[in-house]
Every structure is written in structure tokens, then in C-alpha cells.
Amino acid sequence: MQPEKKDAQDQGDAYERCVCCHRRVDIFKNTDIEFRAFYVEGAGQLCYGCYHELYAQNAGG
Ligand SMILES: [Zn+2]
């Protein structure tokens, strides 16, 4: 584990990553979780694909 750098010039670093597949998602890290899509309390940020794979099943495909 590396310590997080403060000087984040990296644009990619400003985005959240999916806790499941670790892909970058189109949500900024400083976005309030209330306004995030595919965010699951207790689990974290998911991407569209993982969210639907994990939760769409319950809806019955
Ligand atoms: Zn994912």
C-alpha cells in the first residue's frame, strides 16, 4: 500500500474507482454519496456493470 499523494495533478485520480472491478467510474471522489449513482452503503462505489450484475439479479432478469 502506498500513501496517497496530495498533489493530485492526475485527472484520473480525481475519479472514484469501482470497489469490485477497480475500473474508473465517472464520479468524482469529492461527490457527495447522496448524489452518486451505483453507490452502495457498506460496500462502496460500484460501476454500472458491477452494480447491475450484483443487484439486477434480484429484480429478475
Ligand atoms: Zn465494476
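**Burial and fold order**

Of the 61 residues in the protein chain, 11% are buried. Buried here is a count: 20 or more other C-beta atoms within 10 Å of the residue's own, with 12 or fewer called exposed, anything in between partly exposed, and the C-beta atoms placed from the backbone. Before going on, note that this is a predicted model, where local features need pLDDT of at least 70, side-chain atom pairs count only at pLDDT 80 or more, and totals for chains, interfaces and linings use all residues. Residues are numbered from 1 along each chain as its sequence is written.

The protein chain has four strands and one helix, in the order β-β-β-β-α from the N terminus. Among contacts in the protein chain with a separation of 6 or more, 33% join residues 24 or more positions apart. A contact means that two C-beta atoms, placed from the backbone, lie within 7 Å.

β1 and β2 pair in the antiparallel sense over two bridges; at least two DSSP bridges between two strands is the requirement for calling them paired. R17 stands opposite R24 in β2. The two strands, β1 and β2, form a hairpin with six residues between them. In that loop sits H22, with a positive phi near 65 degrees in a residue other than glycine. H22 counts as exposed because it has 9 C-beta neighbours inside 10 Å.

Which residues of strand β2 are on its covered face, and which on the uncovered one? V25 and I27 are on the covered face of β2 (residues 24–28), while R24, D26 and F28 are on the uncovered face. In a regular strand the side chains alternate between the two faces of the sheet.

V25 and I27 turn up again in the largest nonpolar core, a group of five residues that also takes in L46, C47 and C50. The core is defined as buried Ala, Val, Leu, Ile, Met, Phe, Trp, Tyr and Cys residues joined through C-beta atoms within 7 Å. In soluble globular proteins, nonpolar side chains tend to be buried together.

E16 is worth a look. E16 lies in strand β1 (residues 15–17) and is buried, because 22 other C-beta atoms lie within 10 Å. Apart from neighbours within four places in sequence, E16 is in contact with V25, I27, K29 and Q45. With the same exclusion, I27 is in contact with Y15, E16, R36, A37 and Q45.

Last, some loop positions. T31 is in the loop between β2 and β3 and is partly exposed, because it has 14 C-beta neighbours inside 10 Å. From T31 to E16 is 9.2 Å, C-alpha to C-alpha, at 15 residues apart in sequence. F38 is in the loop between β2 and β3 (39–40) and has a positive phi of about 65 degrees, although it is not a glycine. F38 is partly exposed because 19 other C-beta atoms lie within 10 Å.

Is A43 buried or exposed? A43, in the loop between β3 and β4 (44–45), counts as exposed because it has 12 C-beta neighbours inside 10 Å. A43 and V19 are 24 residues apart in sequence and 7.6 Å apart in space, C-alpha to C-alpha.
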